[in-house]
Amino acid sequence: MVAIRVRLEGGEELHRALADSELVAGPVKDMVAEAAFIVEAKAKALAPVDRGRLRASITSEIAPLEAQVYTNVMYAPMVELGTKPHVILPKNKKALAFQLGGKLGRGTRRRGRTGMIGGGAKIVVAKVNHPGTRPHPFMLPAAEALVRQAPRLLQRLARAIEAHWGRGR
């Protein structure tokens, strides 16, 4: 899983202010939710798309003082960080099968056909020496986008806390 966690941390005074449930339920939660939205939207915009599964899997969970933006697709870390050259061996069969210029796989079906898609040749081999893949970062740049916008979010939160305290707190 690839995840970015946004957690609001600060000094003692800020923590005392956040103990006020009105603040936590209102402006603080709003700021944390907006921070998560910034990361999620940027990650989705940057995620590479083949069939859209990776992009569609990027989601967030929001709590009053923390949010997590993540994807649970198995290959997300390999897309984000890339891979080194490696050997691919069959796990359940004696050989690997794939198609040049297309995709071959279990459950692959297009326009009533199964198996081969496109016009490429079917290849069967005992192993594949994979050259590795280049990184395609999408989560880290999304977190960096939040860092650039954090001063604006924190200024708005500070104004909301000052307004709340100004009401007789």
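Mentor: Take Glu 61. Leaving aside residues up to four places away in sequence, Glu 61 touches Glu 66, Ala 67, Gln 68 and Tyr 70. Keep in mind that this is a predicted model. One of those neighbours, Tyr 70, also makes a polar contact with Glu 61, side chain to side chain, at 2.8 Å.

Glu 61 sits in strand β2, residues 59-63. Strands β2 and β3 run antiparallel and are joined by five bridges. They form a hairpin, with two residues between them. Within β3, Gln 68 is the bridge partner of Glu 61.

Is Glu 61 buried, exposed or partly exposed? Its relative accessibility is 47%, so Glu 61 counts as partly exposed; the exposed class begins only over 50%. Strand β3 is mostly covered, with five of its six residues buried.

There is a link further along the sequence too. Ala 33 lies 28 residues from Glu 61, yet their C-alpha atoms are 8.8 Å apart.

Next, the core. The largest nonpolar core has 24 residues, and Leu 54 and Phe 138 have the most contacts inside it. Elements giving two or more residues to this core are α2 (21-46), β3 (66-71), α4 (76-81) and α5 (139-165). Helix α2 gives the most, eight residues. In general, nonpolar side chains tend to be buried together in soluble globular proteins. Look at Leu 54 for detail: beyond four places in sequence, its contacts include Pro 48, Thr 71, Val 79 and Phe 138.

Note on methods:
Residues are numbered from 1 along each chain as its sequence is written. This is a predicted model: local features need pLDDT of at least 70, side-chain atom pairs count only at pLDDT 80 or more; totals for chains, interfaces and linings use all residues. Side-chain values use heavy atoms; hydrogens and water are left out. Helices (H or I, at least four residues) and strands (E, at least two) are DSSP runs, numbered from the N terminus. Buried means under 20% relative accessible area, exposed over 50%, partly exposed in between (1.4 Å probe, protein chains only). Contact means heavy atoms within 4.5 Å. A polar contact is a pair of N or O atoms within 3.5 Å; within protein, one must be able to donate a hydrogen and the other to accept it, and residues adjacent in sequence count only if both atoms are side-chain atoms. A nonpolar core is a set of buried Ala, Val, Leu, Ile, Met, Phe, Trp, Tyr and Cys residues joined through side-chain atoms within 4.5 Å. Two strands pair if DSSP finds at least two bridges between them.
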